[in-house]
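We will go from stop to stop, selecting a few residues at a time.

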Amino acid sequence: LLTKYGRDRDLERLATPGPATTVTAKIMERRSAESPLEGDVSQFNLQFYVEHDELAAAGFPNPPVKGDRVHDTPTRIYTVRAVEDLHDQHGNVAGYRLWARGN
């Protein structure tokens, strides 16, 4: 599904807990409801799905952690709030569900 429906997005690790790095990977998005804040400003809670092997091949320090960022576009950046391991049929980590929030 990620190969077919995923889109290239940047995943960024800031210097803390470092090392700072940014990689491009196929990431699939699942959007939840919009939460209006004030005026024209809204906040979204999203889930992003990414494969473990693709992140490892790109050189991203696995696993993703709270505080990492997903760049959807240059102006849409989502901050990871929680990470859930997704396992294959053998119990190995095959990917991650990233719970993120952004505007």
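Which residues does R97 touch, not counting residues up to four places away in sequence? Select R97 and you will find Q47, F48, Y49, A82, V83, E84 and L86. Before going further, please keep in mind that this is a predicted model.

**Stop 1**

Is R97 buried or exposed? Its relative accessibility is 18%, so R97 counts as buried, the limit being under 20%.

The side chains of R97 and E84 form a salt bridge, with N and O 2.9 Å apart. R97 sits in strand β6 (residues 93–102) and E84 in strand β5 (residues 76–87), so this pair ties together parts that lie 13 residues apart in sequence. E84 itself is partly exposed, at 31% relative accessibility.

Next, show Q47 and Y49. The side chain of Q47 is joined to that of R97 by a polar contact of 3.3 Å. The side chain of Y49 also makes a polar contact with the R97 side chain, this one at 3.2 Å.

**Stop 2: the aromatic pair**

How many aromatic pairs does a search of the whole structure find? The search gives one, and F48 and Y78 form it. Their rings are tilted, with 50° between the planes and 5.7 Å from centre to centre. F48 belongs to strand β3 (residues 41–51) and Y78 to strand β5, so the pair ties together parts 30 residues apart in sequence.

**Stop 3: the network around R9**

Clear the selection and pick R7, R9, E29 and D72. What links these four residues? They are connected in a network of salt bridges. As a reminder, side chains of opposite charge can pair when their charged atoms come close.

Begin with R9 and E29, whose salt bridge has its closest N and O atoms 2.9 Å apart. This pair links distant parts of the chain, with R9 in strand β1 (residues 7–13) and E29 in strand β2 (residues 21–38), 20 residues apart. R9 is buried, at 6% relative accessible area, whereas E29 counts as partly exposed, at 25%.

Then turn to D72. Its side chain meets that of R9 in a salt bridge of 2.8 Å, N to O. Here too distant parts of the chain are linked: D72 is in strand β4 (residues 69–73) and R9 in strand β1, 63 residues apart. D72 is buried, with a relative accessible area of 12%.

**Last look**

How many salt bridges does the count come to? The count is five, and among them are R9 with E29, D72 with R9 and R97 with E84.

Definitions and conventions
Residues are numbered from 1 along each chain as its sequence is written. This is a predicted model: local features need pLDDT of at least 70, side-chain atom pairs count only at pLDDT 80 or more; totals for chains, interfaces and linings use all residues. Side-chain values use heavy atoms; hydrogens and water are left out. Helices (H or I, at least four residues) and strands (E, at least two) are DSSP runs, numbered from the N terminus. Buried means under 20% relative accessible area, exposed over 50%, partly exposed in between (1.4 Å probe, protein chains only). Rings of Phe, Tyr and Trp (its six-membered ring) pair if their centres lie within 6.5 Å; planes under 30 degrees apart count as stacked, over 60 as edge-to-face and the rest as tilted. A polar contact is a pair of N or O atoms within 3.5 Å; within protein, one must be able to donate a hydrogen and the other to accept it, and residues adjacent in sequence count only if both atoms are side-chain atoms. Contact means heavy atoms within 4.5 Å.
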